[in-house]
Amino acid sequence: MSEAPARVADEIRSATAQLAAAGIDSARRDADWLMAHVLGCDPGRLIVIDTIDDADLREFRAAVDQRARRIPLQHIVGTAAFGPLELAVGPGVFIPRPETEYLLEWASSAAGSMSAPVRIVDLCSGSGALAIALATIVESARVTAVEMDDAALKWLRRNVSDAPSEVGERLEVVAADVTDAAQIAGVIPAGSISIVVTNPPYVPLRSETGPEVAHDPARAVFGGDDGMSVIVPMVPVIASMLSVGGLVGIEHDDTTSDAVVDCLRAHGAFDEVTAHTDLAGRPRFVTARRIGAGASRGMPDRRP
Ligand SMILES: C[S@@+](CC[C@H](N)C(=O)[O-])C[C@H]1O[C@@H](n2cnc3c(N)ncnc32)[C@H](O)[C@@H]1O
């Protein structure tokens, strides 16, 4: 290390160059976040910090080397931002993505126009991003998070137990396969749910994905050849748990909006099937409303 203390601004500049050379588009932002993480401050405060001591400098350079090897920023700092939350994440669990906040926004607004108590289920919950954010935002909601993967369940339970008690006491974690109708019927009463949200694995198998995606569990990312291998069997399970008038929002790959719309329409238990795009105009999620008796193809209506 150098004799004179290293300067924060110089270190960020050289880290930015290293990360840009590694192909990272957000090189400057990532360098700022890593420096802020090491110094234990908000990135906005870096401008007023002049120097960095040797121990912190070693830690910062090691973190930059990891990021240059395309290890996700969130795995290096140990957390991911999602809506109002800072969630613990690491190997074994999917890193929540900012685009899922569109689904969060839709569900929060839908819940706001329902009379309490609102019962919400988050299928394929991963770190608990949607479930915990909804329990935080919708103060009257009781939220069930369903996840089948053991490693993801550990992160999910940790995030639920880290939530403030007034949020955590309205959250329940269920270990189950969302495509197994009998298993889900055993834990979530038919016709009992106001809103279902889900960000399932949906990337078609042969899609190109960036190097960071290799750090997400494959089971969390890929949805079979067409991206629909979890969504298709999940739709009748969703129809069963929703109350009449209840709503569902399903995030999907940007190539499968029509397939999700067709799947919900073909089932027969839904109307108001609507495709939603993000601000860039990319198809992002589909919503629908559960309709009443006799409408579900081949399914008994199981309202209580
Ligand atoms: C794309 S990740 C989404 C995680 C979280 N909802 C989010 O938005 O960050 C999908 C999650 O679904 C889980 N999963 C995959 N297949 C499942 C199944 N059949 N039943 C329950 N969970 C499943 C994976 O383990 C993973 O945690």
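1. A pocket here is an open set of grid points, on a 1 Å grid over the protein atoms alone, with protein on both sides within 12 Å along at least five of seven lines. In this predicted model, the second largest pocket has a volume of about 220 Å³.

2. The lining of the second largest pocket consists of 13 residues. Those nearest the pocket centre are Ala9, Ile12, Arg28, Leu46 and Ile47. By class, the lining divides into seven nonpolar, five charged and one polar.

3. Two helices, α1 (8–21) and α2 (27–39), each contribute at least two lining residues to the second largest pocket. The most comes from α1, which supplies four residues.

4. The ligand is surrounded by 17 residues. Cys124, Glu147, Asp177, Asn199 and Ala220 are the closest. The shell around the ligand comprises nine nonpolar, four polar and four charged residues.

5. Which atoms of Asp177 lie 2.8 Å from a nitrogen atom of the ligand, side chain or backbone? An N or O atom in the Asp177 side chain is at that distance. For Cys124, a backbone N or O atom is 2.9 Å from a ligand nitrogen atom; for Ser125, a backbone N or O atom is 3.5 Å from a ligand nitrogen atom. On its own the ligand has 600 Å² of accessible area, and the protein covers 96% of that area.

How values were computed:
Residues are numbered from 1 along each chain as its sequence is written. This is a predicted model: local features need pLDDT of at least 70, side-chain atom pairs count only at pLDDT 80 or more; totals for chains, interfaces and linings use all residues. Side-chain values use heavy atoms; hydrogens and water are left out. On a 1 Å grid over the protein atoms alone, a cavity is a set of points where a 1.4 Å probe fits but cannot get out, and a pocket is an open set with protein on both sides within 12 Å along at least five of seven lines; lining residues have an atom within 4 Å of a point. Grid points are joined across faces, edges and corners, and a volume is the space filled by probe spheres set on the points. Ala, Val, Leu, Ile, Met, Phe, Trp, Tyr, Cys and Pro count as nonpolar, Asp, Glu, Lys and Arg as charged, and the others, Gly among them, as polar. A residue is near a molecule or strand if one of its heavy atoms lies within 4 Å of it. A polar contact is a pair of N or O atoms within 3.5 Å; within protein, one must be able to donate a hydrogen and the other to accept it, and residues adjacent in sequence count only if both atoms are side-chain atoms. Accessible areas come from the Shrake-Rupley method with a 1.4 Å probe; for residues, only the protein chains shown count as cover.
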